[in-house]
Amino acid sequence: MNLRHLMAIGVAKTASRMSRLIGKQGQNLPGTIGLRLSPGILRDLSAQVKQHTVMVCGTNGKTTVNNLLADVTEQNGYQVVVNRTGANQRDGITGSFILASRGGKIKADLAFMESDEAWSRYTIRDLPVDLMIITNLFRDQLDRYGEIDTTVNFLLEAISHKPDMKLLVNGDDALCVALAEKSGRPYDTFGVEEPVLDHLADETREATYCPMCDQKLHYDFYHFSQLGHFRCSCGFQRPDIDYKITDVDLSDGLKFHVNGQAFAVPYRGFYNIYNMAAVIAAMDILDLRRDDLARQLNQFKPRAGRNQEFVIGNTRLILNLAKNPAGFNQNIQSLLGDDTAEKVLIGINDNEPDGRDVSWLWDVAVDRLKQTDVRDIITTGARGADMALRLKYDGIESHYVPQLTKAIDQLLADEPEVGYVLVNYTLLDTAYEYLTSLARRTQ
Ligand SMILES: [Zn+2]
């Protein structure tokens, strides 16, 4: 570790402390400063990770998978570096290493870095990644990445920088499997072996056409979005899955088997089974200690906005992030399975992290809301009126309350038994903080 690196780390950490004093937190600022003062800093620090560095990519679920991997390996006695807050561009990843360093040294066995897909091809050059996980590839943040093919190309470029890196992908996702095939590398897969949900026939899907030959792809069945059992006359098909998910039971939390081993977790959302399976598979591939994995997964608390529950007076509120059609449709699926849900609040902003273009709202299968027991829908946020219009187009009444906190007050006004709050990125923190303060006040 040379003097320049030590100085860069010192300045970056001081800046981080000062920005926390004025109420800002995050890992981007120390990363930005560290890289400016010492461009080799990320390479230098990450090279000190003793065993494995894992990069987690994919449209949905990467924060959950990344944090879950960090949590369970820490509980198994490993020292870990992780970008837990989801700062997943190069500055954020660098900042995570800087803040975890002591005297210019990283003392860690493992590093878990979730990465923005577009940034992965740059960041990976400075990271000794030996396993890349791709959770799924859904349509997301249109105006940042353009089409899904662009994202696939970003990831292929990232993979090309690491000839010995292993790949773990969602075997139910034709786009993930095609990407793995195109990379020319051996890869492992996880996937659900049997039909679980009755599929959403009217959902927008990627991969209607074969990603290898452009003919129409045949699906035996869908799980959700484009995830399912696919095959094409050209020979491209869902592979024989390495980590087979079976015996899925969604009636009380989530119960399932992975290669015969039983798991049960107390939270909801079918998509979380994919997240769990990715973690279980990664730990097996890297041969990490995992004797107590079933119990540890059971105790995991999802991050803010991932099926988080708040009890406020007589109402149980569930907060969820809904930032793209696939995520949104999943939330509607959860509502279909919950006959206690009385009210729903939908918040849509269009700030840069949300994506300026909200045309994706038209790809959400909102008419499925008619099949739920929901009696009142409120929309909020800068584009809440667009959401209301989207609902109206499918004959669903709602009312628009521009300010989020006032909208939450209205949701709670007549004490529904259960309410759902679905918001996109830049509304999530405010929603979380407000609900937390309300829950504390009424305890
Ligand atoms: Zn084909």
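This is a predicted model: local features need pLDDT of at least 70, side-chain atom pairs count only at pLDDT 80 or more; totals for chains, interfaces and linings use all residues.
Residues are numbered from 1 along each chain as its sequence is written, and side-chain values use heavy atoms, with hydrogens and water left out.

Secondary structure was assigned from DSSP runs, with helices (H or I) of at least four residues and strands (E) of at least two, numbered from the N terminus. Two strands are treated as paired if DSSP finds at least two bridges between them. Burial is expressed as relative accessible area: buried is under 20%, exposed is over 50%, and partly exposed lies in between (1.4 Å probe, protein chains only).

Strand β1 (residues 52-57) is mostly covered, with 6 of its 6 residues buried. The side chains of H52, V54 and V56 point one way from β1, and those of T53, M55 and C57 point the other way. Strand β1 runs parallel to strand β3 (residues 110-114), to which 5 bridges join it; within this pairing T53 stands opposite A111. A parallel pairing over 4 bridges also links β1 to strand β4 (residues 131-134), where M55 faces M132.

Strands β12 and β13 are antiparallel and are joined by 5 bridges, F310 standing opposite L317 of β13. The two strands form a hairpin with 2 residues between them, and G313 in the turn has a positive phi of about 60°. Of the 7 residues of strand β13 (residues 315-321), 6 are buried. On β17, L317 has G419 opposite it, within a parallel pairing of β13 and β17 over 6 bridges. Strand β17 (residues 418-423) also pairs with β14 in the parallel sense, over 6 bridges, and V423 is the bridge partner of G347. Beyond β15, G381 is found in the loop between β15 and α13 (384-393). G381 is buried, at 6% relative accessibility, and its C-alpha atom is separated by 5.2 Å from that of N349, 32 residues apart along the chain.

Aromatic rings of Phe, Tyr and Trp (its six-membered ring) were paired if their centres lie within 6.5 Å, with planes under 30 degrees apart counted as stacked, over 60 as edge-to-face and the rest as tilted. The whole structure contains 13 aromatic pairs. One of these joins Y219 and Y222, whose ring centres are 4.3 Å apart with planes at 25°, so the pair is stacked. Both partners are buried, Y219 at 11% relative accessibility and Y222 at 16%. A single aromatic cluster is formed by F138, F190, F224, F270 and Y274. A charge was taken to sit over a ring if NZ of Lys or CZ of Arg is within 6 Å of the ring centre and within 35 degrees of the ring normal. K216 lies over the face of Y209, at 5.5 Å from the ring centre, and R289 over that of Y78, at 4.2 Å.

Salt bridges (a side-chain nitrogen of Lys or Arg within 4 Å of a carboxyl oxygen of Asp or Glu) number 22 in the structure. The side chains of D126 and R43 meet in one of them, at 3.0 Å from N to O. D126 lies in the loop between α6 (117-123) and β4, and R43 in helix α3 (residues 41-46), so the pair ties together parts that are 83 residues apart in sequence. D126 is buried at 13% relative accessibility, whereas R43 is partly exposed at 48%. D394 and R390 form a salt bridge at 3.6 Å, N to O, and both residues are buried. By contrast, the salt bridge of E397 with K392, whose closest N and O atoms are 3.9 Å apart, joins residues that are exposed, E397 at 59% and K392 at 52%. A network of salt bridges links E342, K343, R375, D376 and D414.
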